[in-house]
Each structure stands twice: as structure tokens, then as C-alpha cells.
Amino acid sequence: MLPVFAAYLRVYEPLSAFDRDRQTYWRRYVEAGRAVAPSEGPGRQRRAVIQALGAAWNRLPQMPEEAYALEVDGTLHICPWNLRFRVAEAALSAREGVPDRLADAFVPPVLAAQAKMVVEDSRSGARVLEQGVPRVHEQVATWAVPLRWFVFVAPEERELRLDAGQRVLRYRTEMSKARRRASRGLSVLRKTVGEAPVTAAVEEGARWLEEFHPRSVVELDYGGLVDLLPDEVLAADDSVELTAAGLAGLSRGDLDAASSAYERLVSRWRAVQLLERCN
């Protein structure tokens, strides 16, 4: 399998956030040593989705329950994969930009309708909270880190490892801190730029965070993007600092500082996205 050049925003919920049956399942799952490392998970997820896409398309397939696990201060936290949602997303993506006849042959309309329902339910915060629809604990972005994700973390929460075979750049923070930062950032954006796309994007992220247990852990993981960038670039990456500087500039009315930080961020990540054309 080719590398997965993607970044991830994950939420690990404490075991107590799940119902009793899920708590038992996840506890046994971790005790059996089945929890997957984040470095291995993306490849395994992609293999599982591709295999499911190759199955007979008469129904949306059930998928094995897998997860990442994290222990914080003696408390087990779980980030389920929700592979059925991933398969549903892939099914809908497979129909995009394809003539109807070919789309219907590969993903029949009845299956597309099922997939659309799964995706819409999983993205609907109201249905998640009121009707127990499985939450999507992991957001994925290919060939870049969405700038809005940087709002949720702080520079001191960075973990950087550049060892051979163990290249990692990620941030982990408490849910309460991520929510406060999202709220402050959203307030600044509403007051200064109004209902702009960036405001809507941060608001969507803030709503997503509200779906989870307040003692959850939020993780921004550069994932496979670390394999695209040399050590010195990763070590010098200050995207979180630039995001904070941009918001601070807006809050005090210093548009030049805000614009400078934003332009540096956009330029940096546009250069990473352009690597897709060279791949």
C-alpha cells in the first residue's frame, strides 16, 4: 500500500463515555492487545475500506470495530474508527464526477441512499446526541492540515519525534481547553470578519467538539504528512503560533499583523498541497 499523506483530528473519549456494553468491549479489546497504533491505523483503515468496496454492492457492509487507545492519568480513552462511515464516504466519493450509468453500476442508487443516510446521521450533532448515532471520532484531511484545526491547540502541547521509523508531529490537549480556544477564536472571527468561510469552518469544528465527553482528549496529528517534509521544516513548523498571532492581530485591530500571519500560513500549506501534483 502507498503511504497515506493525510493529517488527522481525533477525539479520544474516556471509557465512561460509552454505554456498558461498549465499555466491556473496549476494555477487553485493549487488554487483548488489539488497539492499533496511530502510525499503523491509516494504512489498515484504507485496506479495510478498499476490501469493503470490492464486496458485492447489495448493502452497506458491516465493518469490524477497531480503535486507537490512549491512557491519560490512569484513565483509558478510546478513539473508535467507525469504518462503516468511512465506507459510506468512499461509496459517495466513488460516484462523484462519473457518468450516471457508470456510477450506478459501481455503487447502485439503493446503496448510495444508504451511504448518504449513514454520512448525514454521523455528521448531525443533534442525531448523535439525541438518538445515539455513532459519533465520528476522527476527521481526515489529505495533503494538508486544515487551518481551523490549529485553533484548538497550543504550541506547548506539541510532540515532535524525528527518529527513523518514528517520525511524529502531533498536539494533544484537554477537551475543555480545545473548546475554550474554539469559543475565543469564533468570537474574534465573528466580531472582525463576520460570517466568512473561515468563521463557518471554525464554528463547524466547535460544534463537533461539543458532541464528546468533556474529559476527552483532542489530538491533531500530522500523520503521513511528516513523510513529505524534511526534519528541519517539521522542527521549525510554527503553524499553531501563526494561527494564534493572526487571531490576536484581529482582536486588537492590527490587520497588518493578522494578514501577515494568515498569508504565511496559506503559503506554507499551499506548497504542501502542490506536492500532490508531483506524487
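**Helices, aromatic pairs and loop residues in a predicted model**

Ala201 is situated in helix α8, which covers residues 197–209. In this predicted model, Ala201 has a relative accessible area of 17% and is counted as buried because that value falls under the 20% cut-off. Ala201 and Pro146 are 55 residues apart along the chain, and their C-alpha atoms are separated by 9.4 Å.

The chain as a whole contains 12 helices and seven strands. It has 279 residues, of which 46% count as buried. Among contacts with a separation of 6 or more, 76% are made by residues 24 or more positions apart. The accessible surface of the chain amounts to about 14800 Å², and carbon and sulfur atoms contribute 51% of that surface.

Two helices were examined individually. Helix α1 comprises 12 residues, 20–31, and spans 17 Å from its first C-alpha to its last, close to the 16 Å expected at 1.5 Å a residue. At the start of α1, the side chain of Asp19 places an oxygen within 3.2 Å of the backbone nitrogen of Asp21. Just after this helix, Gly33 adopts a positive phi of about 75°.

Helix α10 comprises 13 residues, 239–251, and its first and last C-alpha atoms lie 18 Å apart, close to the 18 Å expected at 1.5 Å a residue. Its buried residues are Ser239, Val240, Leu242, Thr243, Gly246, Leu247, Gly249 and Leu250. An α-helix has 3.6 residues a turn, so residues three or four places apart point the same way. Just after α10, a positive phi of about 80° is found at Gly253.

Eight aromatic pairs are present in the structure. One of them joins Phe5 and Trp143 in a tilted arrangement, with 5.0 Å from centre to centre and 50° between the planes. This pair connects distant parts of the chain, as Phe5 belongs to the segment before β1 (6–14) whereas Trp143 belongs to the loop between β4 (138–142) and β5 (158–163), 138 residues apart. Both partners fall under the 20% cut-off and therefore count as buried: Phe5 has a relative accessibility of 15%, and Trp143 has a relative accessibility of 9%.

A further pair is formed by Tyr25 and Trp26, whose ring centres are 4.9 Å apart; their planes meet at 75°, so the pair is classed as edge-to-face. Tyr25 is partly exposed at 23% relative accessibility, whereas Trp26 is buried, with a relative accessible area of 2%. Ring pairs join Tyr25 and Trp26 with Tyr29 in a cluster. The ring of Tyr25 also has a charged neighbour: the charged end of Arg22 sits over this ring at 4.7 Å from its centre. A corresponding arrangement involves Arg10, the charged end of which sits over the ring of Tyr68 at 4.6 Å from the ring centre.

The relative accessibility of Val140 is 40%, and Val140 is accordingly counted as partly exposed. Apart from neighbours within four places in sequence, Val140 is in contact with Ala6, Ala7, Tyr8, Arg86 and Trp149.

Positive phi values also occur at residues other than glycine. Asp73 is not a glycine, yet its phi is positive, at about 50°. This residue occupies the loop between β2 (67–72) and β3 (75–80). With 79% relative accessibility, Asp73 counts as exposed, because this value is over the 50% cut-off. Trp143, likewise not a glycine, has a positive phi near 65°. Trp143 lies in the loop between β4 and β5, where its ring pairs with that of Phe5. In contrast to the exposed Asp73, Trp143 is buried.

Technical notes:
Residues numbered from 1 in each chain as written. Predicted model: local features only at pLDDT ≥ 70, side-chain atom pairs only at ≥ 80, totals over all residues. Heavy atoms only, no water. Helix = DSSP H or I, 4+ residues; strand = E, 2+ residues; numbered from the N terminus. Buried < 20%, exposed > 50% of the residue type's maximum accessible area, 1.4 Å probe, protein only. Contact = heavy atoms within 4.5 Å. Areas by Shrake-Rupley, 256 points an atom, 1.4 Å probe, with all protein chains shown as cover. Phe/Tyr/Trp six-rings, centres within 6.5 Å; stacked < 30°, edge-to-face > 60°. Lys NZ or Arg CZ within 6 Å of the ring centre and 35° of its normal. Expected span 1.5 Å × (residues − 1). Polar contact = N/O pair within 3.5 Å; in protein donor to acceptor, adjacent residues only side chain to side chain.
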